[in-house]
Every structure is written in structure tokens, then in C-alpha cells.
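Please read them with the model open beside the text.

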Amino acid sequence: MMALNLAHQTGAAAAAVTVAPTAPRSAVVAAASTVAAPSVSAGAAPAPALQMQMMTVDAAPAQPPDAVKPDLAMACQALVESAPDEAEHADVAAELWSKAGVPVFVMMPLDTVRKDGNSLNRRKAVEASLAALKSAGVEGIMVDVWWGIAEADGPGQYNFNGYMELMEMARKTGLKVQAVMSFHQCGGNVGDSVTIPLPRWVVEEMDKDQDLAYTDRSGRRNYEYVSLGCDALPVLKGRTPIQCYADFMRAFRDRFATFMGNTIVEIQVGMGPAGELRYPSYPESNGTWSFPGIGEFQCYDRYMLSSLKAAAEAVGKPEWGNAGPGDSGGYKDWPEDTGFFRREGGWSTEYGQFFMSWYSQMLLEHGERILSAATGVYTGSPGVKISVKVAGIHWHYGTRSHAAELTAGYYNTRQHDGYAPIARMLARHGAVLNFTCVEMRDHEQPQDAQCRPEALVQQVAAAAREAGVGLAGENALPRYDETAHDQVVATAADRAAEDRMVAFTYLRMGPDLFQPDNWRRFAAFVKRMSQPGAREACREQVEREAEGVAHATQPLVHEAAVALTN
């Protein structure tokens, strides 16, 4: 799944002062409401009328796995014998989210399932790894269910065989699963170690009509994700992109019906590049962008430009509808290099407010459409939470314009709260807000780039709390040190019950995690996060218990590390 990195985390402590709605910003919503709503498959509720969002814009059977070696399995079981029997709990998710501690999940490798979709890569390594994770008290795993793998052969031809093998293995081990509906390409972002393109038949359609791809001012096309500008158009072999996503989710639900609510406890719905609700404004492929560049607006495919033109005409400013800001700079620029993002730049003008309201509203509408489809599909699956991932773009957060957030579609400036509308949108669908960069500290980041990850997490947490949605977290970069662990515990778990995160997903399972020192520290981290009272225990006691887990699982962990390396 998307493992965002330095480049993909956010931090910001600027005061979120909501400005009074202006005529252009109100009118842009009215204009956007003229766009036809997408036709989703049966069962998916229609997206709410955009008039509802006025406040949003203006307000602040595979083969069963072989048994683990008996002696190791017994040793692991002794460590977790107090774990409840999942058969006793029909609604595991409800119990999970209400636990006093913060359950820890671990991301699986991006290439867990083979590209042909039929089986697992490194099956023995996965088996040993899951047993080791369970022994350390981990709640479950997160895995990307790649659109480019599971529907690769043709529209409506789904192959979930490899994922079934993993689900059966997780169930047998006693681990829960967060399944990510990954409708994006793997490759081109921080942490992408493999390449998994969109389904071949989707790429063929994008090749025929390149305006289906996100496009920047220079005309560069991005094939990471189908442009949201064509959400409602039947451009993918007669189906709209939203219909494709809904059909995929429905096929997954039906195939894994017996796992829903007991093994599969969360569906994270992909909404853009890296699986996040954002535009692909900072692609790393081919050196297009590098940290801490501000990125570029992605609104130059003809579908997006058509919407922009209609919005501009609706506010009586047709000249605003021809293109995005002409002085917004390039991918690697800094705010003060540009006319639009500098301290008193175009972002704060009437035009800037119009453009950013339209650009961010298009992203919110996209989220509404997909969440409507997802809730329509999974409403009949008790015990399954739906979540959405929001990018942590912490660089240039300390500036007035928050340029890197703006190009990604988050209208978050010194005067405008960009995360409250997203949180309220998720609240309307009962979804969890999953946020990254929870492990980061401000002083660890480049100060000249005005990085403020801690302040950003605080802002997003406040938005989630105000909207009444659960907040889950991830670390943005692979970290195995106690400093990062301490930051996560302090941010996610060492808080009053109402402010604790509902879950934390650790990036990522691999040979480094299973190195002896890293594994010992990880076992201590899991205990501090997930077991009530462990956080109050003395550090030495937690370390001693972690040493016990590390010692008991050493053969199994060594096996996993070796198998994952080969």
C-alpha cells in the first residue's frame, strides 16, 4: 500500500482561520453542481447534492497454508494464549475500535501477491512472518488489493486467488486484515519498490484518450490514476471509473463474504495516487519532483478544464476558466520562487480563492462519489469499517500559502482550514480518516523548508475530533528506532480515550523489521500501543517483556528474515 515518505507527509501549525465566504467561492459550488452526478452500480447511494457541500467549501480456494513448525507454533501460542477466540465475536471490528489501547497493524510488502494474481510471492516467508507478528501482539496486517492484478485480464474478470490464500493464512494465524482497494498504479512514489500498473485494458483506453490521465501545465500525462475529471463518464469500456471501482469492491465483498467482519475488519478505499485522496502533484518518477518541491496543479486534461470553464463562467469571470494559475512555478520550486505562492501572492486574491475552491471541491466531490459507492457495497457487512487515506504533506506548512498542500488539492492556508471539509465528508459516510507522518518530529525535518509534521497532525486530529470521525495513523518512513516509536506512542496512544487513534498501521513488513534489535524494539512498541496499562508500566519492564518475546520467537523471526531476503 502506499507508503508515503518524507515527501508525502504533512505538518502544519498555522492557525486555521476561516474566511467569510466570497461571491466567487459560493458561485463555484453552484457551478460545480451543474456537473452530472456519476451513475454508479446498483446498491451505491448517489453522492449528496453539491449544495450540501457549500459549508464544506466555505467553512473552516487456494491450498490451505502449511502448518508452522510445531515447536515454534507452540512457543508463539504461549505468548498469545489470552487472545480472544474470534469465533466468539461476530462483530470483531466493533470490539477492535473500542479497545482501550491502540491496535497495531503491519503493512505487507507491496508485491505480496504475484502479478498473475494466482498465488503469493515468498509463501513460506509470509507464513513465518505472520506467525511472528502474532507472537508480538500485532492485531493484524494491511494488504493492497491491486486493481492492476485482480482485474488485469479484462473488465469484470476478477482473480482474487492469491488474496484468498493470504486471507486464509491470516485467519489461521489469528490476525485481522485491513484490505486496501488500490485503484492506483504502484510505482512512481516514495517507497514504491515494485511496479504494478493499472489494468492493461484501462491503460489501453488512456492511451487512446490521454485526457483520461491527470495532466500538468506542460502537458505531461500521469498514469498513476484515472483523472477524477471523468468520474461520471463511461470512458472505460462502457463503464464510468466510479462504476469500475464499485464493481470491483462488490466482487471483493462477494468473494470474501465469510471473512467480512471477523478476519477482514477494514476496507480502505483508494481515491488517488498512492491510494490517497489527492492529486498526483509530486510524482517522483523520472525525477519530475524532488523533496521539498511545491509540486504542480493537475487540472489540464480536457475534462478538468471543461469543469473549470463552467465554474468561471458561473461567477462572471470567463477569463479565469482557460487554465490554472500561470505563475505557480514548477515541481521543484519553493513558494517564494513563484508569484502565486509567495507570501502575498495570487493564492490570497479573489482569483486565487476562486481557483483553489474549485480545485479542492473537485477532489471532495470525487471522495463523495467513491464513498457513496463503497458504503453502498459494504453496508451489509457488519463489523467492517471503511477508511480513507489523506496525505501528510508537511513541507512548506509553516508558510502562509502552504503551497505543497494546495497543489495536492488541500485548500489549507493561513486563512483557510483544508482538512475540516474532508473530515466532515468522511463523517457523512461513517468513514475513518487515516493519516500519515505520525512518527515525525518537527526538528528532524529541514527547517528551511518550513516542515511542521507535528503541527499538521494536530490540525488533522482536531478536524477529525470536531467532525466526530475516527482517526487512524501510519508512519511515513520506515523507522525502527525508539525515538520514532516514542513519538507514535505519544501521538496515538498516550492520550485521553476520546483523543486516541482508533488504529495504527506500521510501515512495513520486511527483512529489516526482523533484524534482532529492530524486532525487540518493535515488540516493545506494540505492547506499549495495544495493551491497556502497558504504557504506564516502567520502561524497563516493557523492555524485559519484549526481550522475552524476541527470544522466544528468534528462530521464527530468523526464518522470516531469511525468506524475505531471498
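The points below go from the whole chain to its barrel, then to one strand, the helices and the core.

1. Overall make-up. The model is predicted. Its secondary structure comes to 18 helices and 10 strands. Of the 566 residues in the protein, 63% are buried. The accessible surface is about 19,400 Å², and carbon and sulfur atoms account for 52% of that surface.

2. The barrel. Eight strands form a closed barrel in the order β1-β2-β3-β6-β7-β8-β9-β10, and the pairing is parallel. On average, neighbouring strands of this sheet are turned by 30° against each other, direction ignored. As background, strands of a sheet pair through backbone hydrogen bonds, and the pairing may be parallel or antiparallel.

3. Strand β3 and its partners. Strand β2 (residues 140-146) is joined to β3 by 7 bridges, and the two run parallel. Within this pairing, V177 of β3 is the bridge partner of I141, while M142 stands opposite Q178. Strand β6 (residues 264-269) is joined to β3 by 5 bridges, again in parallel. Here Q178 stands opposite E266 of β6.

4. Burial of β3. How many of the 7 residues of strand β3 are buried? The count is 7 of the 7 in residues 176-182, so the strand is largely enclosed by the rest of the structure. The side chains of K176, Q178, V180 and S182 point one way from β3, and those of V177, A179 and M181 point the other way.

5. Helix α7 (residues 161-173) lies across β2, β3 and β6 and runs at about 170° to β2. Helix α14 (residues 453-467) also packs on the sheet, where it touches β8 (432-435) and β9 (471-474). The direction of α14 makes about 180° with that of β8.

6. The nonpolar core. The largest nonpolar core has 164 residues. Which residues have the most contacts inside it? They are L133, F252 and F514. Helix α11 (residues 350-378) supplies the largest share of this core, 15 residues.

7. Around L133. Leaving aside residues up to four places away in sequence, L133 touches V106, V138, I141, M509, L513, F514, W519 and F522. One of these, I141, has V177 of β3 as its bridge partner. Another, F514, is itself among the residues with the most contacts inside the core.

Notes
Residues numbered from 1 in each chain as written. Predicted model: local features only at pLDDT ≥ 70, side-chain atom pairs only at ≥ 80, totals over all residues. Heavy atoms only, no water. Buried < 20%, exposed > 50% of the residue type's maximum accessible area, 1.4 Å probe, protein only. Helix = DSSP H or I, 4+ residues; strand = E, 2+ residues; numbered from the N terminus. Pairing = 2+ DSSP bridges. Axes fitted to C-alpha atoms, helices over the stretch in contact; angles between N-to-C directions. Contact = heavy atoms within 4.5 Å. Core = buried A, V, L, I, M, F, W, Y, C linked by side-chain atoms within 4.5 Å. Areas by Shrake-Rupley, 256 points an atom, 1.4 Å probe, with all protein chains shown as cover.
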